[in-house]
Amino acid sequence: MGVQGLKDGIAAGRLAADQYAENFSDLHAPLGRHEALVEADRCYFCYDAPCMNACPTEIDIPLFIREISTGNALGAAETIFKQNILGGMCARVCPTEQLCEEACVRMEAEGKPVQIGLLQRYATDEAMEKDKQFFTRATPTGKRIAVVGAGPAGLACAHRLAMHGHDVVVYDGKPKAGGLNEYGIASYKTPDGFAQKEVDYITAIGGITIVNEKLLGRDFSLPELLDGFDSVFLGMGLGGVNALRADGENADGALNAVDFIANLRQSDDLSTLPIGRRVVVIGGGMTAVDAAVQSKLLGAEEVTMCYRRGKEHMNASEFEQDLAASKGVVIRHWVAPKRVLTEAGKVTGIELEYTALKDGKLQGTGETFTLPCDQVMKAIGQTLATDGEGVEIAGGKIAIDEEGRTSNPRVWAGGDCATGGEDLTVTAVAQGRDAAESITRFLQSA
Amino acid sequence: MADIRNNFVGIKSPNPFWLASAPPTDKAYNVERAFKAGWGGVVWKTLGEEGPPVVNVNGPRYGAIWGADRRLLGFNNIELITDRSLQINLQEIKQVKKNWPDRAVVVSIMVPCEEDAWKAILPLVEETEADGIELNFGCPHGMSERGMGAAVGQVPEYVEMVVRWCKQYSRMPVITKLTPNVTDVRRPARAAKNGGTDAVSLINTINSITNVDLDLMAPMPTIDGKGTHGGYCGPAAKPIALHMVAEIARDPATYSLPISGIGGVTTWRDAAEFMALGAGNVQVCTAAMVYGFKIVEEMISGLKGWMDEKGYATLDDFTGKAVRNVTDWQYLNLNYVTKAKIDQDKCIKCGRCHIACEDTSHQAITKSKDGVRHFEVMDDECVGCNLCVNVCPVEDCISMIALEPGMLDQRTKKVVDPNYANWTTHPNNPAAKTAVEPAE
Ligand SMILES: Cc1cc2nc3c(=O)[nH]c(=O)nc-3n(C[C@H](O)[C@H](O)[C@H](O)COP(=O)(O)OP(=O)(O)OC[C@H]3O[C@@H](n4cnc5c(N)ncnc54)[C@H](O)[C@@H]3O)c2cc1C
Ligand SMILES: Cc1cc2nc3c(=O)[nH]c(=O)nc-3n(C[C@H](O)[C@H](O)[C@H](O)COP(=O)(O)O)c2cc1C
Ligand code: SF4
Ligand code: SF4
Ligand code: SF4
């Protein structure tokens, strides 16, 4: 394959037609049976397993791996889903190198953890391919709960509530359920429409109605929901994006990374997606990496990630940074955007200023330089899009206690929109599930 | 969902997984933890007669052998019966049974081979309201030097005699635990049956020395420079136990005598195998000692999953199903012909099948094709022995394929005969008579 697609500016179809499918295929190939058995054999079945304690949903990892090793992959899937009904997605997107696999004792022993994520995928894939359902609904309680947001938090909450016999209506502003699983996660982590398959798998338990394109704050209010339902769970993620506060950020060619990714995730023909020849991504988190990598995979010639602090401060994990580097993304540290340069309303470059820590404060050094580019993507963090609808906010998020309760005794919240935990799929699942348990206890005692 | 409730000689338990009489069942503390973890029953660590308890060594009492990645395969011990006082054990048994009425609590006993000794202990055990007793005729070390354990189990007349006393002086179900340290396990099993036992359980541990310390020049585990033989158990002992279980299950004299299968049970699959060969339930020691009580969760989930897959609703649906297929060599069908076949997509080209066959079998696997490394079975040389299947590191990479009747066996150049024919009628057999059908 030679150099191609060197059109200046922002253009679609930079790659040969078959190259797209190859670039956006599964990041990690799933394990075959032999690989899964060999890997499962490496697990020591640890007592009070560190991997399990490092999993925000506390999946019984030693047990499910042992079940795989005895040829009982369905039993393994049940063990996983008991704790985490989105175990299939988490197997694909969890930064395992910072969670279970980092804690695995074989990391300590020989620097090579048991590949828990891939084993989890092996088991959950088996169950989902066979459409094997493990949970049934308890006798109906007659209680109705509204869930706002059909992302991981909302879905995990809805499933657990349905299991306990409650009726659940999930409202989501988007045309499809799944939240960032559908609109955000990098496409090479969850190809082949997996997010929608998972939504179907979860809702198959019954008792869950998903109502799309209904926005809290636009189509209904929290008091209205509380009138019609016994309790409410808020799992609406972070819908807003932080602004750069740099000149020119609204020019043609400057866009939000999350919008770019959502577009990409919803495209059914990647060759029609326009991408710059030279792309600059501002930010140092998972979103920035995903935007940069996928720009590269779409055929951008040069992709530069610019982060205002050092490597050690980046939110993107070591694995994600390496992934970006391996795809040819250049990561520049200690630089901050000053001005997006434009010509005739179109982006032509970006002016950046070097930064440094002085007395613990990040400051510009005054020296600047310019990177010519046709596209600038902003990935400097998302924000809560609502004012909280009357529930208390802390540090820009809905304040919750360890059970997910908000300041309103009939309202719970979890996932990215709520305090506590990192902004990860798996934490959203844990918080959604735990809130469902708390709601159930509350409704039983009421 | 499959129902795995177990009824063994009238003793009910929520599942067929019991802990064998051994350290995991030596105290209320352990047994309570086991029940919390989900075990269906326990056989309490063997009790001895009233008086000062036995003493154990104060140094290492266990030895082991390992496979790759230090996975424990075989386990050995020189521990004796319980070294705690009889009264404390009895009190604890009574309390545990009261706390866990739905679990099986069986008490293992070993007292001298004298009628009075048995007559004395049986009412004490009965008083605990335990579900039954197990007679330890198997311990192969220490106790056997004192005329107990395997020393009894190896003499069928003693076995019968003691079982008879127990049936006479107690109303409890009697399970007779057999030693594998005999040439023919059917003889003590028949004796136990003649004595009136309700069931047998097997195997106890096998005489063994697991390893030798080459610096100390002493067997391990080593106690102050010396060692002694111990009892061997764990996964490596399973094949021996399976055979003995099957022999008793298909012996016309003991056919239908309930069996509790013991020896190397580590996963649900091991348990299913014992039960297919006629065991009504299984007992576990080593696997619990190596991994902790939690393994029973895997056993329960795996057994249920497999039963669901196979459509077995209860344990009775498959218990003993393989017994009728255990036969003597002389009844095996000599007209059944198989050939090994290598799945080239799965083959990783390690060459182990080739060298195994080339050096030690029938020179039936190629090592190259058109100058490149390539392993393929030559049907005209393959005798279907299964060696390559067993040495291949990839599961299901080599399979044994049966030739259909009417097909040509390339090795013998004979057409496969559809009719069953065994050694008893084979022309090469000097004693060949008319055909004899295998015993059902
Ligand atoms: C680009 C990107 C990549 C990521 N990659 C990873 C990764 O690889 N691994 C990982 O673990 N995490 C990753 N994350 C984080 C992860 O996606 C989130 O932590 C997780 O999705 C949070 O789940 P949630 O249910 O709280 O919110 P969301 O997934 O954001 O779902 C919220 C839902 O609520 C709906 N909604 C919002 N407002 C309203 C309203 N007012 N009324 C009704 N509905 C509303 C939205 O439409 C959405 O469907 C990534 C995030 C981004 C942005
Ligand atoms: C340390 C140890 C102590 C044992 N003590 C007894 C005992 O007191 N009474 C008895 O009947 N069997 C005893 N056994 C034998 C076990 O009950 C069991 O029959 C044997 O270990 C085989 O099962 P396994 O392969 O699951 O370990 C002991 C085994 C071990 C390993
Ligand atoms: S820490 Fe590693 S070895 Fe231990 S149970 Fe977890 S995966 Fe297995
Ligand atoms: S297992 Fe426990 S009792 Fe045995 S040697 Fe180790 S620490 Fe001591
Ligand atoms: S032993 Fe198995 S993997 Fe190795 S060469 Fe033979 S068939 Fe292939």
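Predicted model: local features only at pLDDT ≥ 70, side-chain atom pairs only at ≥ 80, totals over all residues.
1. The domain assignment divides chain A into domain 1 (10-25 + 241-378), domain 2 (33-129) and domain 3 (144-239 + 384-445), and the C-alpha centres of domain 1 of chain A and domain 3 of chain A are placed 30 Å apart.

2. Between these two domains, 16 residues of domain 1 of chain A are in contact with 16 residues of domain 3 of chain A. The area buried between them comes to about 1200 Å², with carbon and sulfur atoms giving 46% of this area. On the domain 1 side, the residues that lose the most area to domain 3 of chain A are Arg265(A), Gln266(A) and Asp290(A), which together account for 46% of what that side buries.

3. As for polar interactions across the interface of domain 1 of chain A and domain 3 of chain A, the rule finds one salt bridge, and it also finds eight residue pairs in polar contact, both residues being at pLDDT 80 or more. A salt bridge joins the side chains of Glu320(A) and Lys189(A), at 3.1 Å from N to O.

4. Turning to secondary structure, the elements that give two or more residues to the side of domain 1 of chain A that touches domain 3 of chain A are α14 (257-266), α15 (286-297) and α16 (318-326) of chain A. Of that side, α14(A) gives the most, with six residues.

5. By class, the side of domain 1 of chain A that touches domain 3 of chain A has 10 nonpolar residues, alongside three polar and three charged residues.

Definitions and conventions:
Residues numbered from 1 in each chain as written. Chains lettered and ligands numbered in written order. Heavy atoms only, no water. Domains from an automatic or database assignment. Contact = heavy atoms within 4.5 Å. Buried area = accessible area lost by both parts, 1.4 Å probe. Salt bridge = Lys/Arg side-chain N within 4 Å of Asp/Glu carboxyl O. Polar contact = N/O pair within 3.5 Å; in protein donor to acceptor, adjacent residues only side chain to side chain. Helix = DSSP H or I, 4+ residues; strand = E, 2+ residues; numbered from the N terminus. Nonpolar A, V, L, I, M, F, W, Y, C, P; charged D, E, K, R; others polar.
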